[in-house]
Amino acid sequence: MDRIFAPWRIEWVERDADPIDGCPFCVLPEREDAREARIVARSERNYVILNNAPYNPGHAMVIPDEHVDDPTDLDDATLLDHARLKAATLAALRRDLDPDGVNTGQNLGGDAAGGSIDHLHTHVVPRWSGDTNFMPVTGDTKVIVEAIERTYDHLHDGFAADEHVVDSGDADAGDAVELDFGLAVDG
């Protein structure tokens, strides 16, 4: 049997239980410590959180504050803010992680679409040439090469360099980067 040594994963194994009562995408933004909640950036109506089970380092999700399950349920201002924050997420990833490509998408329709949380979210997954290898196919194992805490720092720095920053936040103190796109939407 082949073995993969990942000693940094012991922190995940030994972590205190974190039961979340209700929708995690509604509960996590209410926490004091954005770093602990994995929230990297916020805008007026949406936020960016790192995926707790990333496909690749930098796997983030753009999520509206409002609990809806379909983009057609968002008002124009929230939808525009969501799109701008997704663009800012792409820019932050490119600035600090320098991926070769990026996958983005939404799983709409619950289990039928591969989704497990009924709160709308857009995945933003950085990709590198060669990041797909034999492990997922033959070993049913995905190897993540960077600890989520380090990824948080990278992405926080990437957002802090954005032109729309109103508060760069202190990653070590648990502050997310605050962005304002100055959006005005009629109707």
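Guide: Let us take Arg45, which is partly exposed, with a relative accessible area of 27%. Buried means under 20% relative accessible area, exposed over 50%, and partly exposed in between, with a 1.4 Å probe and protein chains only. Please note that this is a predicted model, in which local features need pLDDT of at least 70 and side-chain atom pairs count only at pLDDT 80 or more, whereas totals for chains, interfaces and linings use all residues. Residues are numbered from 1 along each chain as its sequence is written, and side-chain values use heavy atoms, with hydrogens and water left out.

Visitor: With which residue does the side chain of Arg45 meet in a salt bridge?

Guide: Side chains of opposite charge can pair when their charged atoms come close. The term salt bridge is used for a side-chain nitrogen of Lys or Arg within 4 Å of a carboxyl oxygen of Asp or Glu. Here the partner of Arg45 is Asp75, at 3.5 Å from N to O. Arg45 lies in the loop between E1 and strand E2 (46-50), and Asp75 in the loop between strand E3 (60-64) and helix H4 (76-96), so the pair ties together parts that are 30 residues apart in sequence. Asp75 is also partly exposed, at 35%. The helices (H or I, at least four residues) and strands (E, at least two) are DSSP runs, numbered from the N terminus.

Visitor: How many salt bridges does the structure hold?

Guide: The structure holds 4. Among them is the pair of Arg95 and Asp162, whose closest N and O atoms are 3.4 Å apart. This pair links distant parts of the chain, with Arg95 in helix H4 and Asp162 in the loop between H6 and strand E6 (165-167), 67 residues apart. Arg95 is partly exposed at 38%, while Asp162 is buried at 10%.

Another of the salt bridges joins Glu149 to Arg38, with the closest N and O atoms 3.5 Å apart. Glu149 belongs to helix H6 (residues 148-160) and Arg38 to the loop between helix H3 (34-37) and strand E1 (39-42), 111 residues apart. Glu149 counts as partly exposed at 32%, whereas Arg38 is buried at 17%.

Visitor: How should I read a strand, and which way do the residues of E3 point?

Guide: In a regular strand the side chains alternate between the two faces of the sheet. From E3, Ala60, Val62 and Pro64 point one way, and Met61 and Ile63 the other way. Of the 5 residues of E3, 5 are buried, so this strand is largely enclosed by the rest of the structure.

Visitor: Which strands pair with E3?

Guide: Two strands pair if DSSP finds at least two bridges between them. E2 and E3 pair in the antiparallel sense over 5 bridges, and Tyr47 stands opposite Ile63 in E3. E3 is also joined by 3 bridges to strand E5 (residues 122-127), again antiparallel. There, Val62 has Thr122 in E5 as its bridge partner.

Visitor: What is the secondary structure of the protein as a whole?

Guide: It comes to 6 helices and 7 strands. From the N terminus on, the elements run α-α-α-β-β-β-α-β-β-α-α-β-β. Of the 187 residues of the protein, 38% count as buried.
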